[in-house]
Amino acid sequence: MRLPNFAILLASASLASCQSAGSEGNGGPTPAFDGISVTETVKFTGTEPFWGGSIATNVANYSTPDDPGGTSFPVERFAGLNGVSFSGKLGDATFDLMVTPGKCSDGMSDRTYPFVATLMIGSEKREGCAWTDKQPFTGGEAA
């Protein structure tokens, strides 16, 4: 199986987390990111162009204004050092979504999201925000 470039970079970062950190004084491996439980539904959104969706139980749904109902497809979850990623195939293109902790604004509402979303569809990079069912955004009306 050939991994997309985004997944290779994330895997490399994770491998570094598996190495002993004895020189740093803690004497053990750095644990993988656990800030989003595997049971949480991850929701994501972005602008320019508008896009969004959700991931639950290893199934992503990705939507755009041209496809408001979205397209569903399987994804694999991978926890790295500072976030979690989801990889799959959206049609013929690779789909790699990385979700990392950090306050995020969509630039169009008064909402503050708890996670930053970086999405690669093929070689196209999109940036947006994310939240989960257990870690919601604040401000603004719920969509």
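Predicted model: local features only at pLDDT ≥ 70, side-chain atom pairs only at ≥ 80, totals over all residues.
To count as a pair, two strands need at least two bridges found by DSSP. Strands here are DSSP runs of E with at least two residues, and they are numbered from the N terminus.

Residues are numbered from 1 along each chain as its sequence is written, and side-chain values use heavy atoms, with hydrogens and water left out.

**Hairpins**

How many residues join β4 to β5? I found a hairpin that does it through four residues. Across this pair, Arg-77 stands opposite Phe-86 in β5.

Next I went to β3 and β4, again antiparallel, with five bridges. The hairpin between β3 and β4 runs through two residues. Here I picked out Tyr-62, which has Thr-71 of β4 opposite it.

**The core**

Which residues touch the most other members of the largest nonpolar core? They are Phe-44, Tyr-62, Phe-86, Phe-95, Leu-97 and Val-99, out of 21 residues in this core. A nonpolar core means buried Ala, Val, Leu, Ile, Met, Phe, Trp, Tyr and Cys residues joined through side-chain atoms within 4.5 Å. Buried is under 20% relative accessible area, exposed is over 50% and partly exposed is in between, using a 1.4 Å probe and protein chains only.

I then checked where the members come from: β1 (42-46), β2 (51-56), β3 (59-64), β4 (67-79), β5 (84-90), β6 (93-104) and β7 (113-121) each supply at least two residues. β7 gives the most to this core, namely four residues.

I also listed what Val-99 touches, skipping residues up to four places away in sequence: Ile-36, Val-42, Asn-82, Gly-83, Val-84, Phe-86, Phe-115, Val-116 and Ala-130. Contact here means heavy atoms within 4.5 Å.

Most residues other than glycine have a negative phi, and most peptide bonds are trans. With that in mind I went looking for exceptions.

Which two residues does a cis peptide bond join? I found Glu-48 and Pro-49, with omega about -5 degrees. Pro-49 is in the loop between β1 and β2.

Thr-57 is not a glycine, yet its phi is positive, about 50 degrees. Asn-58 is not a glycine either, and its positive phi is about 60 degrees. I placed Thr-57 in the loop between β2 and β3, and Asn-58 is in that loop between β2 and β3 too. Thr-57 is exposed at 72% relative accessible area, whereas Asn-58 is partly exposed at 42%.

**Thr-132**

Is Thr-132 buried or exposed? I read 1% relative accessibility, so Thr-132 counts as buried. Thr-132 belongs to strand β8 (residues 124-132).

The Thr-132 side chain makes a polar contact with the side chain of Glu-40 at 2.5 Å. Such a contact is a pair of N or O atoms within 3.5 Å; within protein, one must be able to donate a hydrogen and the other to accept it, and residues adjacent in sequence count only if both atoms are side-chain atoms. A polar atom of the Thr-132 side chain also lies 3.1 Å from the backbone nitrogen of Lys-134. Leaving aside neighbours within four places in sequence, I listed Ile-36, Glu-40, Thr-41, Val-42 and Phe-115 as contacts of Thr-132.
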